[in-house]
Amino acid sequence: LANQAPILEDAASSKGLVLALYDALSSRDVATVHRLVAPDLEWWFHGPPSHQYLMLLLTGCEESVDDSFAFSPQSITAFGSTVLAEGCDPSRSISWVHAWTVSDGVITQVREYFNTSVTVTRLGNSSSSSSSPAKSQSSISALRCPPVWESSLSNRKSVPGLVLAL
């Protein structure tokens with residue numbers, strides 16, 4: 001249990017950093033966004049090209065504040081350096097999930113999913129390998145990856161699904 005303390009602290013600080021980013025984005029605080037996000041942010045996008053609202057905000061290419069998309073997370077969960085945020089815009093029938101990666105106190109990666117059901121799982125083998133058939137079967141079972149988080153906002157309609165492995 002003592003070994004988990006740094007992981008929990010890391011998750012809390014990562015979550016706080018992502019919350020600060022959403023606050024900065026909503027207030028259009030460019031200086032704070034630049035401080036929180038690495039200059040070489042890696043961005044992955046899954047969704048219609050017309051829904052790349054986050055990239056418009058991060059690059060300052062947003063055409064009009066009136067047309068802007070407001071990212072207001074309805075849930076935020078952290079797993080160490082990975083922070084998952086989920087929200088929706090009911091007026092546009094859009095749900096979204098962001099998977100942020102935090103390294104050395106800055107956000108280095110975002111995976112953005114629009115109108116996509118996301119399931120997060122942890123990879124890992126919880127038992128050691130063995131040569132006996134019975135133990136081999138239990139080793140195979142240990143390799144199964146149960147979900148640790150699932151998006152909930154896209155469940156109201158049929159959308160593509162993805163599995164994100166941590």
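This is a predicted model: local features need pLDDT of at least 70, side-chain atom pairs count only at pLDDT 80 or more; totals for chains, interfaces and linings use all residues.
Local features require pLDDT of at least 70 and side-chain atom pairs pLDDT 80 or more, whereas totals for chains, interfaces and linings use all residues. Residues are numbered from 1 along each chain as its sequence is written, and side-chain values use heavy atoms, with hydrogens and water left out.

Helices (H or I, at least four residues) and strands (E, at least two) are DSSP runs numbered from the N terminus. Two strands are paired if DSSP finds at least two bridges between them. On this basis, 5 strands form an open sheet of mixed pairing, in the order 1-5-4-3-2. Strand 1 and strand 2 (75-79) are at the edges; each has a single partner strand, so one side of each is left without a neighbour in the sheet.

Strand 4 (residues 94-103) and strand 5 (residues 106-114) run antiparallel and are joined by 8 bridges. Ser 103 stands opposite Val 106 in strand 5. Strand 5 also contains Gln 109. Gln 109 has 11% relative accessibility and therefore counts as buried (under 20% relative accessible area; exposed is over 50%, partly exposed in between; 1.4 Å probe, protein chains only). The side chain of Gln 109 makes a polar contact with the side chain of Arg 111 at 2.7 Å (a pair of N or O atoms within 3.5 Å; within protein, one must be able to donate a hydrogen and the other to accept it, and residues adjacent in sequence count only if both atoms are side-chain atoms).

Grid points are joined across faces, edges and corners, and a volume is the space filled by probe spheres set on the points.

The largest pocket holds about 150 Å³ of space. Helix 2 (30-36), strand 1 (37-46) and helix 3 (53-59) each give two or more residues to its lining, and strand 1 contributes the largest share, 4 residues. The largest cavity has a volume of about 30 Å³. Helix 1 (residues 5-26) gives the most to the lining of this cavity, with 3 residues.

Definitions and conventions
On a 1 Å grid over the protein atoms alone, a cavity is a set of points where a 1.4 Å probe fits but cannot get out, and a pocket is an open set with protein on both sides within 12 Å along at least five of seven lines; lining residues have an atom within 4 Å of a point.
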